[in-house]
Amino acid sequence: ALAARMKKGVGTALRAGVHDAFRSELIPQIERSTRQLFGQVDQQLRRATQQHFEKSHGALAQQIKELRELKSHIEQAGAQMSSMGGGGAGATRNGVFAGKRGVKLSLEEVLSRTAKHIEAKEYEKALSFVLCAQNPKALAFFCNKLDPDGLFGKTKLSKNHALSLLSQLCMTLNDATGVKLVWLRHAIANLDTSTIESRHFPKVVAKIKTKLGELKSSLSKKDKGEHRDRLALVFYELSMLATSG
C-alpha cells in the first residue's frame, strides 16, 4: 500500500514537473520561434511585393520607351525615304507621304518608288517606305513583288521593322490574304527573338492569334479551304515562337 501511494505521489509530482517545464521553458521557446518564423515570412512577402511592383513599373517604362522609339523610327524612316525618293516627302500623321509643297503622294507614286527600291535590290529601304506609307495596297504590292526569301535571306530586320511588319500584315489580312499569310509565316519564322524581351512574347502571339481568328471568321467556306494550309503553317510558326519565348 505504501509503495502504491509513493508511486502515485511520485507520478503526480512528475507530471506536475513536466507540465511546469512545458509552461516555463518549451512553450515560450515555441512561441518565440513561431514569431520569428512569421516575421521572416512577412519580410519575404513584403520584399516580394516590392520587387514585383518595381518589376511591373520597369516593364511599363520599357514599353513606353519602345513605343516612343518605334514612333521615332517611323518618322525618321519617312524622312529618309523622302530624300532617297527625290520628292522631298515627309510622313504625315496618318502615314501618307507629302511633298515639299504639302501635296500627298498618290498610291501610284508610292508603288513606283517601292518598285525602284526593289529593282535596285534595296529591299530594306523598300520595306521602310511601305511601312511608313501604312497603306494596305502598298504592302500587298511589296509582298507580291518580292519573295520573302529575298528579304529575310539577305537582310536581318531590326526589331522595329520586324514588329511593324507583323503588325501591318495582321491588320490588313483581308486584302491579298494568300500572299500576306505567306509573308506572315516567314516574318514570324525569321523574328529575331533575342531582340525582344520574353515577357512580350505572349502579347505578340495573342495579338496575331486574335487577328487570325478574325480573318477565319470573315472568310467564306471556299476561302477557308483555299487558305487552310497557309493558316496551319502560320499557327505552327506561332507555336514555335511561343515555345522560344
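The expected span of a helix is 1.5 Å times one less than its number of residues. I note that before opening this predicted model.

**Entry: helix H7**

I looked up H7 with that rule in hand. Helix H7 covers residues 177–189, which is 13 residues. I read 18 Å from its first C-alpha to its last. That is close to the 18 Å expected at 1.5 Å a residue.

Next I asked which residues of H7 are buried. I list Thr 177, Gly 178, Lys 180 and Leu 181. Trp 183, Leu 184, His 186, Ala 187 and Ile 188 complete the set.

I placed Leu 37 in helix H1, residues 2–85.

Is Leu 37 buried, partly exposed or exposed? Its relative accessible area is 49%. Exposed needs over 50% and buried means under 20%, so Leu 37 counts as partly exposed.

**Entry: the whole chain**

I find 9 helices and 2 strands. From the N terminus on, the order is α-β-β-α-α-α-α-α-α-α-α.

How much of the chain is buried? Buried residues make up 32% of the 245 residues. The chain exposes about 15400 Å². Carbon and sulfur atoms supply 56% of that area.

Last, I looked up contacts between residues at least 6 apart in sequence. Of these, 66% join residues at least 24 apart.

Conventions. Residues are numbered from 1 along each chain as its sequence is written. This is a predicted model: local features need pLDDT of at least 70, side-chain atom pairs count only at pLDDT 80 or more; totals for chains, interfaces and linings use all residues. Side-chain values use heavy atoms; hydrogens and water are left out. Helices (H or I, at least four residues) and strands (E, at least two) are DSSP runs, numbered from the N terminus. Buried means under 20% relative accessible area, exposed over 50%, partly exposed in between (1.4 Å probe, protein chains only). Contact means heavy atoms within 4.5 Å. Accessible areas come from the Shrake-Rupley method with a 1.4 Å probe; for residues, only the protein chains shown count as cover.
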